[in-house]
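Look at the model below and follow the chain through its helices and strands.

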Amino acid sequence: MDSALPDKSGRYELEGYVTQPDFFIVYRQPQRYINLVIHPGDHFRVITDATTFDYNYLVEGSKDSRLIQKMVNMQTRTLEKITEISTEYENSRGSKDFDKIKARIDHTYDQIVAEHKLFSIGLIEGNRESLVGLMALYQQLGRNAPVFDYKKDFKYYEMVDSNLSRLFPRSEAVIDLNRKVTELRELLRLEAGSPAPEISLPDRQGNIVPLSSLKGKNVLLIFWASWSSQSLAEMNKLTALYTKLAGSDLEYYQVSLDRTRESWLNVTEQRKIQGVHVSDLKYWDSPVVSLYHIEQLPVLYLLDKQGVIVRKDLKTEEIQEILAGIGMKSK
């Protein structure tokens, strides 16, 4: 938006025009920058030193930018602690007490991360109308080390999204967060502990059979197709398992993504595949594809007797052990 050359005392002034609060950076070198949230009408100062430009600075006159500074300072301290124990870990390799040292370092790391997360939660909850909450959500404490896990901490994503979408509906950053939260919400409804979305499709006789009609039994929900070689290989294993578990309270609900009734029935009849078989013969255009986010075949879900997802993306070899863990009754 603007650039300037510092005067002899190191002072400079930048000017810009904004119509709504938004994120900006000020930098002396592109890789060393200070994050700012600027509101219309803001007049503020950033005081820093050339050698510690991006982490040892002070902001005056901008509440949101001061919150960012507070978060950056905390993150700097947290990363320093992590670097310290990482150095100790590397220096301890090969020592006779390494296992004990590693256990202590792992515990210390967990405490450091938990402390930083608690700080971040407080920042989000205490500043619900600030764009800084969005930055807090996206913090990283290293490669593949986010502060917030979208599965475990989804409520904070929802909290920030609902507050900021109401206040800043035209902000690109907020719109992007809302899009992400919508996608996460769709994914989480297929996670373990969520009720399996209802399916109602015709069986081989043309009768509509809802997935929910099998409540009271453990259900193996299978998405497959006769044209998929991977599906056929898995179905062979599942057929053998069905025979092995005959008399148990496990039932198969098998959804085929076939295109023709003939190919679907030929495979199920020739291979004597037991259980409930349904299909709308719509191939990848079947509504179940988007409902269950199916991208490849086969896909297996295990549901408990209440129709709640126990596991997804499992293999046939894992099923018996999982069933034993949820107390399946067998003959």
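Helix α4, residues 154-167, packs with helix α5, residues 172-188, at an angle of about 140 degrees, and their axes are 10 Å apart. Helices here are DSSP runs of H or I with at least four residues, strands are runs of E with at least two, and both are numbered from the N terminus. Axes are lines fitted to C-alpha atoms, for helices over the stretch in contact, and angles run from 0 to 180 degrees between N-to-C directions. The model is predicted: local features need pLDDT of at least 70 and side-chain atom pairs count only at pLDDT 80 or more, while totals for chains, interfaces and linings use all residues. Residues are numbered from 1 along each chain as its sequence is written, and side-chain values use heavy atoms, with hydrogens and water left out.

How are α4 and α5 oriented to each other? They are oblique, a word used for angles that are not under 35 degrees (roughly parallel), not over 145 (roughly antiparallel) and not 65 to 115 (roughly perpendicular). From α4, the contact includes Phe154, Tyr157 and Leu164; from α5, Val174, Leu177 and Leu184 are among the residues that take part. Contact means heavy atoms within 4.5 Å. Sorted by class, this contact of α4 with α5 has nine nonpolar, two polar and four charged residues. Ala, Val, Leu, Ile, Met, Phe, Trp, Tyr, Cys and Pro count as nonpolar, Asp, Glu, Lys and Arg as charged, and the others, Gly among them, as polar.

Next comes the sheet. Five strands make an open sheet with mixed pairing, in the order β9-β8-β7-β10-β11. Two strands pair if DSSP finds at least two bridges between them. β9 (276-278) and β11 (309-312) are at the edges with a single partner strand each, so one side of each has no neighbour in the sheet. From one strand to the next, the twist averages 20 degrees. Strand β8, residues 250-256, runs parallel to β9 and is joined to it by three bridges.

Leu238 lies in α6. Is Leu238 buried or exposed? Leu238 is buried, with a relative accessible area of 1%; buried means under 20%, exposed over 50%, and partly exposed in between (1.4 Å probe, protein chains only). Leaving out residues up to four places away in sequence, Leu238 touches Leu220, Ile222, Tyr252, Leu300, Thr316 and Ile319.

α6 also packs with helix α9, residues 316-325, at an angle of about 30 degrees with the axes 9 Å apart, and the two are therefore roughly parallel. Glu234, Lys237, Leu238, Leu241 and Lys244 in α6 meet Thr316, Glu317, Ile319 and Gln320 in α9. This contact has three nonpolar, two polar and four charged residues.

Two further places remain. Strand β1, residues 22-29, pairs with strand β2, residues 32-38, in the antiparallel sense over seven bridges. β1 and β2 form a hairpin with two residues between them, and Phe24 stands opposite Leu36 in β2. Gln75 is in helix α1, residues 63-92, and counts as buried at 18% relative accessibility. Gln75 touches His116, Gln139, Gln140 and Leu141, again leaving out residues up to four places away in sequence.
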